[in-house]
Amino acid sequence: MTIAEASRTYGLSADTLRYYERVGLIPRVPRTKSGIRDYDEASCKWIELMKCMRAAGVQIEALVEYVRLYQLGDSTREARKALLVEQREQLRARMEEMRQSLERLDYKISIYEAQSEF
């Protein structure tokens, strides 16, 4: 799959895909003999993972570390798991903050709605 096709498929710009590869968010993408990126199934799975993690607010530094550990092999399984567990806890904390914010907004809106009934 070309970078243009991957861009359309995943809703990310070609520049973003290049950036992900350059900073280590995804491992180096295979190239054709002429040097053009050729996204294979493994590359696409990395894109999907990174898109999901970034949408969840996981920091780039944590993701780069995860990819680095992954590339070092099976000896890093526990470290990778620990990193993911830590990110999950941070995400849960952000979700709780958002839940509280939503409750506050709902309360404020209910005040306006009650006032408009008079």
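Start by looking for disulfides, meaning cysteine sulfur pairs within 2.5 Å: this structure holds zero. What you have loaded is a predicted model, where local features need pLDDT of at least 70, side-chain atom pairs count only at pLDDT 80 or more, and totals for chains, interfaces and linings use all residues. Residues are numbered from 1 along each chain as its sequence is written, and side-chain values use heavy atoms, with hydrogens and water left out.

Now select Cys 44 and Cys 52. The closest cysteine sulfur to that of Cys 44 is in Cys 52, 16 Å away, so the two are too far apart for a bond. Cys 44 is buried, at 8% relative accessible area, while Cys 52 is partly exposed at 44%. (Buried is under 20%, exposed over 50%, partly exposed in between, using a 1.4 Å probe and protein chains only.)

Next, show helices H4 (residues 60–72) and H5 (residues 77–116); helices here are DSSP runs of H or I, at least four residues, numbered from the N terminus. Their axes come within 9 Å and cross at roughly 160°, which makes H4 roughly antiparallel to H5. Axes are lines fitted to C-alpha atoms over the stretch in contact, with angles from 0 to 180 degrees between N-to-C directions, and over 145 degrees counts as roughly antiparallel.

Last stop: which H4 residues meet H5? Select Ala 62, Glu 65, Tyr 66, Leu 69 and Tyr 70, then their H5 partners Ala 79, Arg 80, Leu 83, Leu 84 and Gln 87. Contact means heavy atoms within 4.5 Å.

Notes. Helix = DSSP H or I, 4+ residues; strand = E, 2+ residues; numbered from the N terminus. Parallel < 35°, antiparallel > 145°, perpendicular 65-115°, else oblique.
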